[in-house]
Structures are given as structure tokens and as C-alpha cells.
Amino acid sequence: MSTPVKKVPIHLQSSQNRLLIKNGQVVNDDEIFEEDIYIEDGSVKQIGRNLIIPGGTRVIDARGKYVMPGGIDPHTHFEFEFMGATSVDDFYQGTKAAIAGGTTMIIDFVMPKNGESLLDAYANYRQKADSKVCCDYALHVIVTSWNNIIKEEMNTLCHQHGVNSFKMFMAYDMMMNDGDLYSVFEHCKNIGAVPMVHAENGHIIKKNVERLLNKGITGPEGHEMSRPEEVEAEAVNRACTIAQQVNSPLYIVHVMSKSAATTLKQYREKGTNIIGETLVCALACDGSQYRHQCFWHSAGHVLSPPLRPDPNTPQFLLNFLSQDVLQLTASDNCTFNKSQKEMGKENFSKIPNGVNGVEDRMSVIWEKGVHSGLIDPTRFVAITSSNAAKIFNLYPRKGCIAIGSDADIVIWNPSKTRVISAKTHHQAVDFNVFEGMECHGVPEYVIVNGRVCVDEEQLRAVQGYGHFIETPLYPPFIYNPEKVLDLKPGKESNGVNEVELANKLHRIEMEPKGCVTPTLPNSAVSTPCCKGARPEGQRNIQESTFSVSEELDVERKSCIKVRNPPGGKSSGFW
Ligand code: URQ
Ligand code: ZN
Ligand code: ZN
């Protein structure tokens with residue numbers, strides 16, 4: 001299905017659609033440079049100095065400010081029916097709030113209802129979202145079981161409906177068993193899609209919940225006690241192990257603990273293609289919130305996996321983001337009002353899970369990452385925008401300021417501050433987990449597809465202005481040939497042929513002397529490590545300054561002022 005072309009309403013067709021951003025520090029994930037940007041008809045048309053532009057073009061002076069790709073939030077749940085409630089930020093309010101905070105694209109999750117087909121669920125989400133979204137959006141689809149029908153539906157979603165990612169749960173009622181995860185990961189790999197998992201051991205959690213409730217622990221503190229770190233880390237380990245068996249890539253959503261992140265790091269060091277997402281709330285809050293004397297305060301912080309009692313967790317996760325152990329940040333915005341959280345007043349396991357973040361993600365990460373001096377603006381762009389665009393195959397159309405890119409841009413004033421509050425935020429929810437936090441750095445202008453939707457900090461979002469964006473299969477960032485081996489019978493990859501390898505082992509076993517220790521060629525026994533047997537002539541994106549735009553030969557400006565290694569510089573320089 002192709003994306004329906006929406007006409008720009010007459011009242012939006014004006015010189016406002018022609019825009020020149022002058023004098024700013026333009027930031028991409030790999031460079032900062034000082035040039036002007038000319039935007040027309042929703043995309044970047046020229047980058048340079050002394051540009052020749054039509055008369056009547058609006059000029060924004062960005063002196064002293066950063067001009068960055070708008071944020072991409074790869075994980076939201078707008079108007080999501082979950083645990084007996086519906087999240088209160090719908091596709092209108094949610095995307096409006098996203099824009100207010102400097103995010104210009106979101107990716108939400110299609111959740112099929114009981115017995116609903118994946119295709120029907122997808123169609124329902126499109127119907128809900130298309131007319132409401134203020135910015136562009138894409139969809140992941142949640143898979144809760146495995147059979148031939150699901151397999152065909154996944155194929156159809158990928159080939160006809162612009163979906164390239166599927167999420168599976170390892171907790172909650174809809175959790176999948178290991179065998180089915182194996183099959184779905186394998187199928188994703190066969191079709192070039194991105195498998196994603198919510199990694200927590202659902203069986204252990206169920207037992208822990210029973211135990212705690214039997215002991216009379218019914219308050220929100222029981223939520224974290226029932227889902228401790230090791231329960232998350234175990235599931236991360238299992239999911240990575242399964243992905244390794246089928247050589248699929250794997251995207252772990254909401255990595256929330258030191259143990260889970262460390263497990264993921266170990267797999268990445270083995271050369272497996274594991275992507276780690278963490279949440280903005282995990283970078284700014286900790287599990288002490290569950291011991292707050294006010295039920296609504298504690299319940300307002302309930303999400304899964306939970307915030308961790310170890311107060312060093314936020315800094316630990318930030319460090320991992322700066323070192324590229326974790327690649328990107330999301331909000332997992334899934335908001336329930338106090339009246340909905342109250343469903344779990346007598347039983348923590350009935351508190352609807354989820355918190356806010358779609359509006360404040362950029363500000364909080366700037367504050368904790370850039371303002372603190374841990375990361376520089378290029379790494380900020382990578383973890384809030386470009387890496388999501390690369391992983392879901394939207395780069396360099398999104399997540400990048402280059403000629404031809406969509407004009408999704410945030411002009412960030414690092415000298416201004418704002419204080420976050422539920423009283424002033426644009427979300428529908430009546431609580432904010434970042435309440436009272438002062439953030440340096442304010443999105444002064446937010447440009448969505450060429451339209452100024454935040455203008456000198458005034459929000460002017462338009463309902464239905466956004467489009468559904470198709471995400472193509474085989475993202476090059478994920479399906480890098482040296483990272484994901486194709487071990488289909490008979491095919492060579494990285495010098496390893498699985499069938500030959502199996503035959504060789506068999507022959508050795510049949511040796512009459514019986515005690516020969518099989519010695520396999522190095523390339524055959526080693527994990528597909530990036531430092532290992534790379535076929536000659538292939539570049540390793542983990543070791544080089546590879547950028548997809550270079551691969552695609554996208555025209556880029558010549559004046560490179562700063563060029564950073566992948567992962568960004570480790571300290572500030574401005
Ligand atoms: O697990 C999720 O991602 C959703 C369903 C709820 N939000 C949350 O608790 N993280
Ligand atoms: Zn989840
Ligand atoms: Zn989620």
C-alpha cells in the first residue's frame with residue numbers, strides 16, 4: 001500500500017513553506033558545521049552560505065543555537081488499550097506534545113486485540129492515527145503467537161503496508177515461549193525485518209506477584225519487588241541467545257537496569273547484532289519513587305521493566321549511551337491518569353503500566369547528557385534521532401540534515417531553561433515523572449515537514465498534518481552482511497558454510513579411531529565477531545566512520561568543522 005498523498009490545506013500554503021535558517025550551528029550525528037539551510041515544500045533544498053533564495057522567504061536567525069534533526073521517538077503507545085484502561089494521550093495530543101518538545105516523528109505499536117488478525121489491527125491503527133497525527137509516524141506490529149497465518153500476515157505487512165519491525169513480549173499474558181520467539185526471529189531475519197523484544201521473565205514475575213500479595217504487600221513498591229533486575233537480565237540473555245542461534249539482529253526495547261545493560265554489552269562484544277534502547281525516565285528517575293508515601297506519586301512511576309532502586313542506574317545507562325553500548329532513547333510514552341492508576345490501589349499488579357516522556361525526552365536527555373558534559377551534540381542527535389532513523393531504515397530522509405532530507409528540524413536554544421510540570425505540559429496526562437526538573441536547552445522552533453510548528457516557543461501543531469511513513473525492509477544499519485550471517489543451507493557467509501560444517505563434524509565423528517578432536521578452521525568456530533573474519537573489501541560499520549548517507553552518496557555540505565568517531569566524543573567541547 002502506498003502512502004496516501006495529503007494535500008497541504010490552503011491556509012498552510014504560504015511563504016511559511018519557504019524558510020531560511022541562518023547562522024546556526026547545524027548538528028548531524030557525525031558533524032557540526034555553520035551554514036544556512038533553505039527549506040521549500042517540506043524538504044531541505046540548499047545548504048551553504050550566501051544562498052540564492054526566492055523573495056518573501058521567512059528567515060529565522062539561529063545565531064547561538066543548534067539546528068538539529070527533529071527527534072524520532074521510536075517507542076510510544078498512544079490511545080493504547082492495556083490492562084483494562086486506554087492510555088490518555090491519543091495520536092493528536094501525543095504527537096502535539098512530541099512536537100512541543102522537539103520530536104518530529106514517532107513510531108507506535110499496533111497491538112492486536114484478542115482474536116484480531118495482525119492486518120485488521122494494523123488497519124484499525126491507521127484509521128485511528130492518520131487523521132490525528134500532527135507529525136509523521138510509523139508503526140511496529142506486536143506479534144503474540146506463531147503459526148503460518150501470522151507468518152503470512154507478517155509478510156503482507158512488510159511487503160504491502162510499510163512495516164519493517166515486530167515486537168514480542170516475554171512477559172504479560174501475551175508473552176511468547178522461547179520456541180516461538182526463535183521462529184519469529186528467524187522469520188524476521190528471512191524477510192529483512194527487525195525483531196524487537198520486551199525482555200522480562202513473565203513466569204517468574206507471576207510467581208513473585210502471588211508471593212508478595214500473599215504476604216500482604218499490595219502497594220506500588222511490590223511492582224518493583226516482583227520484577228527485580230535479574231528477571232530483566234535473564235530475559236535479555238535468553239532473547240540474545242535465541243537471536244544468536246538464528247543469526248538474527250535483535251532490538252531490545254526499554255533496557256532499564258545495570259544487569260540487563262551489562263548482559264546486552266556482553267553479547268555486543270561477541271559481535272552479535274543487538275540494539276539497545278533505553279528510556280528517558282530511566283535516565284532521570286530511580287526506584288525510590290515506589291516508596292513514596294503518596295499512592296498516586298508511586299503509581300505514576302509504574303512501568304515495566306520498573307525503575308531500579310540502585311540510584312546509580314541512571315548514570316550507568318547514560319554512560320552506556322555515550323559509549324554506544326546502548327544506541328538510542330525512547331519515551332515508551334504510555335500514559336494513564338490518576339483515576340486509571342487507581343485500579344491498582346489494592347493490588348500493585350493491577351496498576352496500568354506506563355509513564356510520560358514523549359514531550360520531555362529531548363530536554364531531559366540534553367540536560368543529563370549534553371548540559372552535564374557527558375556527550376556532545378552530535379551524540380545527542382545520534383541517540384535521539386539518527387540511530388532510530390538508521391535502524392528503521394528512514395535515514396537519511398529522517399534523522400539527518402542534508403539536501404533532500406525531510407525538513408524535520410529543531411532549533412535548540414542551549415542558553416534558555418524551562419521547568420517541567422504537569423501543569424504546563426501539552427500531554428493529556430495529569431502527572432509528569434519529571435515534575436520540577438529544570439532543563440537547560442529549549443526547543444525554540446520546531447519545523448515539521450517544512451512548517452514551523454513551534455514558533456518562538458509557541459506551539460502551532462496541526463491535527464492530521466503528519467503522514468504515515470513506510471519503513472522499508474533490510475535496513476542497511478541492521479542487515480550489514482558481516483553482522484548477520486546468512487546460514488541458509490548451501491550458502492556461504494563469512495567463509496562459513498553451515499551444511500559443510502555439519503558434514504565435516506559428522507565425518508570426524510565417523511573416524512574409525514574415535515578419539516580425534518575435531519579442529520575446525522578458525523573462521524568456522526569463531527562467533528561472527530566484527531574483529532574476526534571479515535571478507536576482504538567489506539567495511540565494518542562498528543569500527544569505521546561509516547554513515548549510510550555516504551553509502552547512498554547523499555549530497556552533503558563540504559564545510560566539516562567537527563567529525564566524531566561513532567559513539568560521539570566522550571566529553572563536551574563547546
Ligand atoms: O511494556 C510496554 O512497553 C507497554 C505495554 C507498557 N509500558 C510500560 O510499562 N513500559
Ligand atoms: Zn514493553
Ligand atoms: Zn512500550
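On a 1 Å grid over the protein atoms alone, a cavity is a set of points where a 1.4 Å probe fits but cannot get out, whereas a pocket is an open set with protein on both sides within 12 Å along at least five of seven lines, and lining residues are those with an atom within 4 Å of a point. The model on your screen is predicted, with local features needing pLDDT of at least 70 and side-chain atom pairs counting only at pLDDT 80 or more, while totals for chains, interfaces and linings use all residues. Residues are numbered from 1 along each chain as its sequence is written, chains are lettered from A and ligands numbered from 1 in the order in which they are written, and side-chain values use heavy atoms, with hydrogens and water left out.

**Stop 1**

A search of the whole structure finds 4 cavities of 30 Å³ or more, a volume being the space filled by probe spheres set on the grid points, which are joined across faces, edges and corners. Select His77, Phe82, Tyr172, Ser304 and Asp332, which lie nearest the centre of the largest cavity among its 16 lining residues; the volume here is about 140 Å³. That lining divides into 7 nonpolar, 7 polar and 2 charged residues, where Ala, Val, Leu, Ile, Met, Phe, Trp, Tyr, Cys and Pro count as nonpolar, Asp, Glu, Lys and Arg as charged, and the others, Gly among them, as polar.

Next, turn to the largest pocket, with a volume of about 1100 Å³; to find its centre, select Phe82, Met83, Tyr172, Asp173 and Met174, the closest of the 40 residues that line the pocket. Strand E9 (81-82) and the helices H2 (118-130), H3 (148-160), H5 (202-214) and H6 (221-226) each supply at least two residues of this lining, helices (H or I, at least four residues) and strands (E, at least two) being DSSP runs numbered from the N terminus. By class, the pocket lining has 18 nonpolar, 12 polar and 10 charged residues.

**Stop 2**

Select ligand 3, a zinc ion coordinated by His75 (NE2), His77 (NE2) and Asp332 (OD) at 1.9 to 2.2 Å; donors are N, O and S atoms within 2.8 Å of the metal (3.2 Å for Na, K and Ca), and water is not among the atoms, so sites may look incomplete. The site of this zinc ion is tetrahedral, with angles of 85 to 133 degrees among its 4 donor atoms; four donors count as tetrahedral if all angles lie between 85 and 135 degrees, four count as square planar and six as octahedral if opposite donors are over 155 degrees apart and all others between 65 and 115, and anything else is irregular. Distant parts of the chain are linked here, since His77 in the loop between strand E8 (71-76) and E9 and Asp332 in the loop between strand E17 (328-330) and helix H12 (338-341) are 255 residues apart. Both His77 and Asp332 are buried, a term for under 20% relative accessible area, with exposed meaning over 50% and partly exposed in between (1.4 Å probe, protein chains only).

The zinc ion (ligand 2) lies 3.7 Å from the zinc ion (ligand 3), and its protein donors are His198 (ND1) and His254 (NE2), at 2.1 to 2.2 Å. What is the geometry of the site of the zinc ion (ligand 2)? With angles of 56 to 144 degrees among its 4 donor atoms, the site is irregular. His198 is buried at a relative accessible area of 1%, and His254 counts as buried at 2%.

**Stop 3: backbone details in the loops**

Asn449, in the loop between strand E19 (438-448) and strand E20 (451-455), has a positive phi near 45 degrees and is buried, with a relative accessible area of 14%. For Glu457, phi is near 75 degrees, and this residue is partly exposed at 38%.

**Stop 4: Phe434**

Finish at Phe434, in the loop between E18 and E19, which counts as buried at 2% relative accessibility. Show its contacts (heavy atoms within 4.5 Å): among them, not counting residues up to four places away in sequence, are Val280, Cys281, Asn356, Asp360 and Ile420.
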